[in-house]
Amino acid sequence: MSALPKEALRRGWCPSTLRPMETGDGWLVRLHPPGARLTPAQLRRIAELATEHGNGLIEISARANLQIRGVTAESHPKLVERLLAEQLVDEHEGDGPQRVTLVSPLAGRDSTGLIDAAVLAAQIEHRARNVSGLPAKFGIVVDDGGAQALDGFASDIRLLGIGAGRVALCLGDRLWLGPIPETDAAAAVAAILPGFAALRAEAPDQIRRLRDLSPAALAGLSTLPVTTAPPPRMPARRAGLFALQGDRFAALIGLPFGRCDAATLERLGAVQDKADIRLSPWRGLAFRDLGRSEAEGLLALADDLGQITRDDDPRLSVQACAGSPACSRAEAPTMTDAAMLAEAAADLLAQGATLHVSGCVKACAHPAAADLTLVGQDGRYDVVLGGTTRDKPVATLDLSALLTRLQPGHDIHARLKAARSTGSQG
Ligand code: SF4
């Protein structure tokens, strides 16, 4: 394999299998499994490869991407060779997105869904591959309109089931169009993509996503009629047992902070050999098409392994990077500390507060602002309220002081609670 171009390692690229991204613990290699699905045997094999060619840490991102961490310049060619030879990835040429669609991990089997989002997403992937000029991070959310709402995930184009076989489209997360039959939706998206690519080609530095277009330019992308925005829905359950069509079940398992070691994945992948595994944007794995007792048994094992099996687990609401010892730049053991901080702040997290624990200012896990951002600083944490890792801290505290001051009656708890009720940080 030829050497990677230097720019392929710059942070900011959308990484893929062939174009890894440099991080504090080596290269991060993103995998796109064929058809966005895995068998248990494939999951176990990926876990083995992550140990052989990376540092054994595996992630699932908030875009449901599978990532192997700690790959090196020497190990990368061998890893790629195995992934391609064993057909564990579906990589295509070019700078555009490797995968554009985001669906619920239950898509196509969820008895509450109004459309088959899995089939529609596959049709869109097929068509999007023939469109050049799309940005690498371009994203299309395909939401079946059922209980697993994807409202919280930003998109360039959103397709939402609004009735049996009927779909509404949203451009740039602000202009709603339709409704149209489900069977026409892939063609409607395909008609929009070249127009956006052409506008982007005229001003690539200003137009990166659909949201960057003017209202007139956005409206000019489609001839579909404007419609009203559908009402907001209840948030999805992100972990636990789910009933599927046909009296089958799914075990949806969250990885704490979207990350686990290879041994954990191997254990999970060894239990139910017939499961149909999908990646979850709630940073986990759905093991589908199981009997009820099989799914419950898998959830019990996952719980024993320290994984997330309940929707009220406070770790689901916390962002944390790999931290020390995995990352050479880390100034704090973020993963273990984040688990304790999540427990301490559980009441605030349940009210919607956001917590980001970062090993350094680089903010690999969450570049955006959070209600409480903690930045590793020589074994302690800089405390930022309502900002990012690069904002001015109000204090520098050790873990023990943080755990105390997150309790009711203490100052950080009070400030976060006040920020929740007023919608701003003081
Ligand atoms: S944010 Fe975390 S993972 Fe990223 S470089 Fe810093 S310590 Fe490492």
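Predicted model: local features only at pLDDT ≥ 70, side-chain atom pairs only at ≥ 80, totals over all residues.

**A guided tour in questions**

Visitor: Is Ala-36 buried or exposed?
Guide: A residue counts as buried if 20 or more other C-beta atoms lie within 10 Å of its own. Ala-36 has 22 such atoms within 10 Å, and therefore it is buried.

Visitor: What is the phi of Ala-36?
Guide: Most residues other than glycine have a negative phi. Ala-36 is not a glycine, yet its phi is positive, at about 55°.

Visitor: Gln-87 also has a positive phi although it is not a glycine. Is Gln-87 buried or exposed?
Guide: Gln-87 is found in the loop between α2 (75-85) and β6 (101-102). Gln-87 has 10 of them, so the residue is exposed.

Visitor: Which strand holds Pro-179?
Guide: Most peptide bonds are trans. The bond joining Gly-178 and Pro-179, however, is cis, with omega about 0°. Pro-179 falls within residues 175-181, which form strand β10.

Visitor: What is the omega of the peptide bond from Ser-324 to Pro-325?
Guide: Pro-325 is found in the loop between β16 (318-320) and α8 (334-344). The peptide bond that leads from Ser-324 to Pro-325 is cis, and its omega is near 5°.

Visitor: Why does Leu-406 count as buried?
Guide: Leu-406 is found in the loop between α10 (399-405) and α11 (411-422). A buried residue needs 20 or more other C-beta atoms within 10 Å. Leu-406 counts as buried because its C-beta neighbours inside 10 Å number 22.

Visitor: How far apart are the C-alpha atoms of Leu-406 and Leu-341?
Guide: Leaving aside neighbours within four places in sequence, Leu-406 is in contact with several residues, among them Leu-341, Ala-344 and Ala-345. Leu-406 and Leu-341 are 65 residues apart along the chain, while their C-alpha atoms are separated by 8.2 Å.

Visitor: How many charged residues are in the shell around the ligand?
Guide: The ligand is surrounded by 14 residues, and the closest include Gly-24, Cys-321 and Cys-364. By class, the shell has 7 nonpolar and 5 polar residues, and the charged residues number 2.

Key. Residues numbered from 1 in each chain as written. Helix = DSSP H or I, 4+ residues; strand = E, 2+ residues; numbered from the N terminus. Buried ≥ 20, exposed ≤ 12 C-beta atoms within 10 Å, placed from the backbone. Contact = placed C-beta atoms within 7 Å. Near = placed C-beta within 6 Å. Nonpolar A, V, L, I, M, F, W, Y, C, P; charged D, E, K, R; others polar.
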